[in-house]
Amino acid sequence: MLSLQSPLDMHLHLREQDMLRTVAPLTAKSFAAAVVMPNLLQPVNSLDKVRAYCSAIKGAISTACEDVVFTPWMTLFFRNYSRAELIAARPEIIGVKLYPAGITTQSEAGVRDFDAIAATVALLEELDIPLLVHGESSGFVMDREAEFLQVYADLIRNFPRLRLVMEHISTAAALEFLDKHEQMAATVTLHHLMLTLDDMAGGLLQPHLFCKPIAKTPRDRDALRRAVLAGHPRLIFGSDSAPHPRHTKECCGCAAGIFSAPVALPMLAQIFDQAGRLEALQAFVRDNGLRFYGITPPDKTVCLQRKPWRVPENYGPVRPFLAGEELQWQLVDAEV
């Protein structure tokens with residue numbers, strides 16, 4: 001039996017309406033809290049929208065899971081905010097999420113001119129509001145994360161007290177960059193600890209493994225895995241679980257995103273167990289995030305046991321990561 005104290009998912013997509021009602025309870029079963037991304041059809045870019053979305057999330061979970069302990073930590077979609085807007089929002093958000101325009105799902109309202117964001121970033125630095133960044137350029141797909149490192153370097157040079165999160169890093173180069181800058185943290189997904197580009201496109205195309213940033217090379221995957229298993233203090237688990245209906249994945253022009261919420265903790269336990277590093281999992285799924293963000297999570301114990309189970313083919317309209325595969329660890333009832 002493995003007991004995890006208040007495990008956290010520090011990068012999560014919950015979508016809206018029926019999809020929200022399908023996927024949010026699955027995260028609430030596994031985690032005490034999660035950082036919820038704001039890239040909805042209409043971006044969450046005001047305090048009123050933050051409050052409305054938070055209420056919808058809590059309603060979806062309470063309807064499906066009576067008395068479950070779970071807190072959605074909300075984010076604002078980056079735009080040029082006034083000081084008054086950020087001061088008002090600060091008690092109700094964990095950070096502001098920056099997307100380059102059009103770089104991923106529902107990011108068309110993102111940043112097009114990085115020279116025009118300085119005033120808002122300066123306010124985030126002053127008010128100590130973390131900036132969470134989807135760090136990809138619009139260049140060749142395998143080079144996008146590496147090319148974006150210059151943007152991070154500029155932000156660090158111009159705003160040295162800014163708390164900056166590199167979201168879902170997928171390369172050894174990003175990890176090397178992180179090691180040089182103490183004011184930064186980075187989230188790492190389950191799928192980037194497991195996949196390379198070959199898994200998605202080396203044989204028949206696997207659309208359910210298509211995500212952004214795409215999985216890279218074995219060297220990149222192995223570097224991330226070594227750092228996580230070694231207990232790197234500024235690597236934080238963020239699933240980037242991103243559900244899409246099967247008909248938008250199994251089609252031409254399929255949507256980017258891997259839905260990993262139901263398997264995240266069991267598969268992480270399996271990876272850490274196989275490496276003989278099970279004792280390091282707690283820091284990855286809670287302690288590192290708490291230290292960087294300076295937050296207190298809800299009190300919740302989530303238990304897993306080493307017992308095989310087969311991942312369902314579907315959760316509602318969504319096919320999960322590792323569908324149909326047998327995992328060696330599974331969740332048991334959480335103590336709430």
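Helices here are DSSP runs of H or I with at least four residues, strands are runs of E with at least two, and both are numbered from the N terminus. Just after helix α4, D128 takes a positive phi of about 55°.

Before going further, a word on what you're looking at. This is a predicted model, where local features need pLDDT of at least 70, side-chain atom pairs count only at pLDDT 80 or more, and totals for chains, interfaces and linings use all residues. Residues are numbered from 1 along each chain as its sequence is written, and side-chain values use heavy atoms, with hydrogens and water left out.

**Around α4**

Let's stay with α4, which spans residues 118–127 and has T120, V121, L123, L124, E125 and L127 as its buried residues. "Buried" means under 20% relative accessible area, "exposed" is over 50%, and "partly exposed" sits in between (1.4 Å probe, protein chains only). What do those buried residues of α4 pack against? Their partners are α3 (83–89), β5 (95–98), β6 (131–133) and α5 (144–158).

The loop between β5 and α4 holds I103. I103 counts as buried because its relative accessibility is 6%. Leaving out residues up to four places away in sequence, I103 touches H134, E136, S137, S138, R144 and K212, where a contact means heavy atoms within 4.5 Å. I103 and E136 are 33 residues apart along the chain, yet their C-alpha atoms are separated by 7.2 Å.

Another buried residue is H191, with a relative accessible area of 1%. You'll find H191 in helix α7 (residues 190–194). Setting aside neighbours within four places in sequence, H191 is in contact with C211, S239, D240, I258 and F321.

**Two helix pairs**

Two packed helices are described by the angle between their axes and the distance between the axes. Axes are lines fitted to C-alpha atoms, for helices over the stretch in contact, and angles run from 0 to 180 degrees between N-to-C directions.

| Helix pair | Angle between axes | Axis distance |
|---|---|---|
| α5 and α6 (172–179) | about 15° | 9 Å |
| α1 (17–30) and α2 (47–64) | roughly 75° | within 8 Å |

The angle makes α5 roughly parallel to α6. For the record, under 35 degrees counts as roughly parallel, over 145 as roughly antiparallel, 65 to 115 as roughly perpendicular and the rest as oblique. On the α5 side, the contact is made by E145, L149, Y152, A153 and I156, and on the α6 side by A173, A174 and F177. That contact divides into seven nonpolar residues, no polar ones and one charged. Here Ala, Val, Leu, Ile, Met, Phe, Trp, Tyr, Cys and Pro count as nonpolar, Asp, Glu, Lys and Arg as charged, and the others, Gly among them, as polar.

The other pair, α1 and α2, is therefore roughly perpendicular. L20, R21, A24, P25 and A28 of α1 meet A56, I57, A60, I61 and A64 of α2.

**Strands**

Now for the strands. β1, β10 and β11 form an open sheet in the order β1-β10-β11, with antiparallel pairing; two strands pair if DSSP finds at least two bridges between them. β1 (2–5) and β11 (326–331) are the edge strands, each pairing on one side only. Five bridges join β10 (residues 301–310) to β11, and L304 has L331 in β11 as its bridge partner.

Elsewhere, β2 (residues 8–12) runs parallel to β3, joined by three bridges. D9 has A34 in β3 as its bridge partner. Strand β3 (residues 33–36) is covered on both faces: A33 and V35 are buried on one side, and A34 and V36 on the other.
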